[in-house]
Amino acid sequence: MLDTFLHTLRNIWKAPDLRKRILFTALIILIFRIAAFIPTPGVDSAAVHNLFSNNQLLSLLDVFSGGTLANFSIIALGLNPYINASIIMQLMTMVFPKLEELSREGEFGRRKINQYTRYLTVPLAAVQAYAFIIFLSKSQGIVHISSPLQLATMVVTLTAGTIFLMWLGELITEQGIGNGISVIIFSGILARIPVAFGQTFSVFDPTKLLNLLLILGLGALVIAAVVFVNEGTRMIQVQYARRVRPDGTAGSSQSTYLPLRVNQAGVIPIIFASSLLLIPNLVANFLSTVQNPTAQAISHNVTNFLQNLTLYGAIYFVLTVVFTFFYTAVTFNPEKIANDIKKYGGFIPGIRPGSATADYLNFVLTRITVAGSIFLGAIAVLPFILQQTTGITTLVVGGTGLLIVVSVVLEATKQLQSMLVMRHYEGFLPTR
C-alpha cells in the first residue's frame, strides 16, 4: 500500500501543471506564515499570547484565525470576518428573493455573491478590529493607544490584513490545491502543533505519561471518526421516467442518487456557538473596568460562570447541536429539491412526487442530522473533557482543529485524484 502511495505521489510530481499548483500553494502558505509574525504596532505580543493560551474560548477563536490572533500580528483577525460575511450572505440568500434568484444563475451568480461577500467583509473586519483593540486596551491593558490616529492606523492595518488573507485564499483556490480559505486555516493549525508539543514536554510530569498516551491515542481515534462521519452519506435513489424519442420509440428509464451528508453543516455550527459564547466573555471583561458596584458584580458572576467548565461545556454542546439543525435547515431546502425532482420528471421509488417527497427528504435529513449534530457537539467539548480528566492543558485533542485538518486533506486529495483521472495517465491511480 505504501508503494502504491509513493508511486502516486511520484506521478503527481511528474505532471507539470499539478507540480506548479502544489508549489504555488506552498509559496502562498509561506507568505501567510511570514505575515503571521509581523506584529501590529503598539501591542505587547507576549502578553496577548499569554492571554490566549490561558483562555479556552479565545484559543478556539484563534483556531479559526489560522493561528494569527494569539500573536496579534498584522493579520491577527485572520479570516474570521470573511467567514462571518459568508455565513451572513448564505442566510440573506434564503431571506431575499433577489439574492436567491442570483444564486441560481450558475457561475455568474456565484461570482456576484462572492463579490458581495468581499464587500461585506470590509466593514465586518473594521468593526471586529476596533472591538478587539478596545477590549485589549481597556480590560487587559495590553494595547496602549496614545491618540485617535494610532487607533485608526491599527484598525486599518488589521482590516487590510484580513483583505490580504482573503486575496491569498482566493489565489490558492484558483491556482493552487484545495479551498484556499480552508488551506490557510489548516496551515495555521499545523504550525501550532510543534509549539504545543514543546510546551508539553518542557513541563512534562513523568507520572502523567499514561495520560499523554491516552491523549495521543484518542487523537488517532478522533481522526478516524472525523473521516468516517465526513464521508458518511445517505444515498437516496431518484428514478426518472422513460422519455419518448422523436421516432416514437421509448427510451430506457434513468436512475441516479441524491446524496445527503451526515455532516451537512461542516464546522459552521461550532463557529456559531463559539461566537455566541464569546459575547459574555467580552461583556464581563468590559464591565470589570467600570467603576460601578453592580457592573463589578455582574462581571464577577459571569466570570465565575465561564470558569465552570462542566456547565460551560454543556451549554457549548447544546448550542452546537441547535446550530447544526439551524444551519442544515437554512442550506438544504427539501421543498425546493422535491420540486426540482418533479420538474424534471423524477421521483423517489415508493414516494409520491411533490409534498410527499419533501416530507420524506425532511424526515431522512432530520434523522441523519441528529447523528451529525451529536458528533459535532462531542468534537466541540472534547478539549474541556480531556483537560479535566488528564490534567494536561498544553496538549489536548482539539477536535475542531482536527475536523478542519482532516476535511482539508480529504478535499485536497479528492481534487488531486479528479485531476489525475481527467488526464487518463495509466498507472497514476491504483486499480482494484
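This report walks through a predicted model of one protein chain, from its overall make-up to a few single residues.

Some ground rules come first. Residues are numbered from 1 along each chain as its sequence is written, and side-chain values use heavy atoms, with hydrogens and water left out. Because the model is predicted, local features need pLDDT of at least 70 and side-chain atom pairs count only at pLDDT 80 or more, while totals for chains, interfaces and linings use all residues.

**The chain as a whole**

The secondary structure comes to 16 helices and three strands. Here helices (H or I, at least four residues) and strands (E, at least two) are DSSP runs, numbered from the N terminus. Of the 432 residues, 42% count as buried. Buried means under 20% relative accessible area, exposed means over 50%, and partly exposed lies in between (1.4 Å probe, protein chains only). A contact means heavy atoms within 4.5 Å. Among contacts between residues at least 6 apart in sequence, 72% join residues at least 24 apart.

**The sheet**

The three strands form an open sheet in the order β2-β1-β3, with antiparallel pairing. Its edge strands are β2 (254-261) and β3 (346-347), each pairing on one side only. Two strands pair if DSSP finds at least two bridges between them. Strands of a sheet pair through backbone hydrogen bonds, either parallel or antiparallel. Eight bridges link β1 and β2 in the antiparallel sense, and I236 has L258 in β2 as its bridge partner.

**Two helix pairs**

Helix axes are lines fitted to C-alpha atoms over the stretch in contact, and angles run from 0 to 180 degrees between N-to-C directions. Angles under 35 degrees count as roughly parallel, over 145 as roughly antiparallel, 65 to 115 as roughly perpendicular and the rest as oblique.

Helix α2 (residues 16-35) packs with α8 at an angle of about 170°, with the axes 9 Å apart. That makes α2 roughly antiparallel to α8. Residues making this contact include R21, F24 and I28 of α2 and F164, L168 and E174 of α8. The C-alpha atoms of E174 and R21 are separated by 9.4 Å, although the two residues are 153 residues apart along the chain.

The axes of helix α12 (residues 293-307) and helix α13 (residues 309-331) come within 5 Å and cross at roughly 80°. That makes α12 roughly perpendicular to α13. In this pair, F305, L306 and Q307 in α12 meet L309, L311, Y312 and I315 in α13.

A search of the whole structure finds one aromatic pair. The rings of F164 and W167 have their centres 6.2 Å apart and their planes at 45°, so the pair is tilted. For this test, rings of Phe, Tyr and Trp (its six-membered ring) pair if their centres lie within 6.5 Å; planes under 30 degrees apart count as stacked, over 60 as edge-to-face and the rest as tilted. F164 and W167 are three residues apart in helix α8 (residues 148-175), which means that about one helical turn separates them.

**Single residues and their surroundings**

The table gathers the accessibility of the residues looked at one by one.

| Residue | Relative accessibility | Class |
|---|---|---|
| N230 | 7% | buried |
| T93 | 13% | buried |
| F164 | 29% | partly exposed |
| W167 | 48% | partly exposed |
| E174 | 52% | exposed |

N230 sits in helix α10 (residues 209-231). Its side chain makes a polar contact with the side chain of N263 at 3.2 Å. A polar contact is a pair of N or O atoms within 3.5 Å; within protein, one must be able to donate a hydrogen and the other to accept it, and residues adjacent in sequence count only if both atoms are side-chain atoms. Not counting residues up to four places away in sequence, N230 touches R261, N263, L403, S407 and L410.

T93 belongs to helix α5 (residues 80-95). A polar atom of the T93 side chain lies 2.7 Å from the backbone oxygen of M89. Leaving aside neighbours within four places in sequence, T93 is in contact with L99, E100, S103 and I113.
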